[in-house]
Amino acid sequence: MGSRWCLARPSWRGIGTRLLAEAEARAEEHRVTAMARRDEAAAAPFLERHGYRAGSEVWLMQIDLDREPPEPVWPDGIAVRSFRVEEARAVKDLLDVAYAKEPEFRLRPFEDWSRFMLGDASLFDADCWFVAESEDGSLGGAALNWKEAYVKDLVVHPSQRGRGLGTALLRHTFRYFRDRGFPQVTLKTDSLNTSRAWRLYEREGMRKTRTYDIFEKEL
């Protein structure tokens with residue numbers, strides 16, 4: 001069971017406990033997780049009283065586009081272009097390879113992934129999904145961005161890492177949204193990320209604007 005929201009008005013005493021108990025009863029695994037904003041003072045004590053313990057952190061990061069971002073420098077043999085719907089499986093395969101060693105990675109069926117990623121027209125726009133294509137036609141990396149200037153996935157194939165491709169994709173994303181009048185770009189990352197991607201984001205001018213604590217409980 002992944003992270004879930006449990007919301008209740010302060011005046012509705014006991015409703016949060018009942019909602020949490022109902023969520024735990026429906027859990028399909030023996031470990032449950034909950035996400036709480038750090039600036040919500042009541043969240044952590046509430047979860048701790050119910051047997052949850054803080055583990056990792058998730059950060060919302062942002063860059064203001066008030067200045068023109070640096071130009072991307074593409075590695076030799078790499079060309080960037082927008083996504084084509086017919087290559088959805090290839091992009092899904094790239095994500096699976098890139099995320100395979102992440103501790104929270106779970107392999108999802110292509111149909112579920114495709115429905116979630118491509119099925120909502122308020123989020124998906126092929127023009128702001130960028131793929132980095134190698135000379136042999138394989139995909140070396142991708143920046144899959146929601147159309148409101150949110151970086152959903154930024155991945156580089158293991159064989160292409162260490163060449164500056166992630167930086168180039170991120171800068172390309174910044175410049176794309178700035179050219180379209182967006183004031184900032186945002187994304188989420190977490191402290192469990194094995195590549196420590198937040199270091200790249202900070203080098204490129206992003207800052208942490210909100211912290212979420214991840215709590216876990218064994219049932």
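Residues are numbered from 1 along each chain as its sequence is written, and side-chain values use heavy atoms, with hydrogens and water left out. Since the model is predicted, local features need pLDDT of at least 70 and side-chain atom pairs count only at pLDDT 80 or more, while totals for chains, interfaces and linings use all residues.

Let me begin with the chain as a whole. The chain has six helices and eight strands, where helices (H or I, at least four residues) and strands (E, at least two) are DSSP runs numbered from the N terminus. Read from that end, the elements follow one another as α-β-α-β-β-α-α-β-β-β-α-β-α-β. The C-alpha trace spans about 60 × 40 × 30 Å along its principal axes, and of the 219 residues 43% count as buried, meaning under 20% relative accessible area, with exposed being over 50% and partly exposed in between (1.4 Å probe, protein chains only). If we take contacts, defined as heavy atoms within 4.5 Å, with a separation of 6 or more, residues 24 or more positions apart account for 74% of them.

Now to the sheet. Eight strands form an open sheet with mixed pairing, in the order β1-β8-β2-β7-β6-β5-β4-β3; two strands pair if DSSP finds at least two bridges between them. The edges are taken by β1 (31–37) and β3 (78–82), each of which has a single partner strand, so one side of each is left without a neighbour in the sheet. Neighbouring strands are turned by 25° against each other on average, direction ignored, with axes taken as lines fitted to C-alpha atoms, for helices over the stretch in contact, and angles running from 0 to 180 degrees between N-to-C directions.

Strand β2 (residues 53–64) pairs in the antiparallel sense with β8 (residues 207–218) over eight bridges, and the bridge partners in β8 include Glu-216 for Arg-53 and Arg-207 for Gln-62. β2 also pairs with β7, again antiparallel, over seven bridges, and there Trp-59 has Thr-189 as its bridge partner. Helix α3 (residues 88–99) lies across β4 (129–134), β5 (139–146) and β6 (150–156), running at about 75° to β6.

Leaving aside residues up to four places away in sequence, Leu-154 touches, among others, Tyr-99, Ala-142, Leu-169 and Tyr-201.

How many aromatic pairs does a search of the whole structure find? The search finds 10, where rings of Phe, Tyr and Trp (its six-membered ring) pair if their centres lie within 6.5 Å, with planes under 30 degrees apart counted as stacked, over 60 as edge-to-face and the rest as tilted. The rings of Tyr-176 and Phe-177 have centres 5.0 Å apart and planes at 85°, so this pair is edge-to-face. Phe-177 and Phe-182 form another edge-to-face pair, at 5.3 Å centre to centre and 85° between the planes. Phe-177 is buried at a relative accessible area of 1%, whereas Phe-182, at 28%, is partly exposed. Elsewhere, ring pairs link Phe-83, Phe-110, Trp-113, Phe-124 and Trp-129 into a cluster.

The charged end of Lys-208 sits over the ring of Trp-59, 3.7 Å from its centre, and Lys-188 lies over the face of Tyr-212, at 4.8 Å from the ring centre.

Why does Glu-24 count as buried? Glu-24 counts as buried because its relative accessibility is 16%, and, residues up to four places away in sequence not counted, Glu-24 touches Tyr-52, Lys-217 and Leu-219.

Definitions and conventions
Lys NZ or Arg CZ within 6 Å of the ring centre and 35° of its normal.
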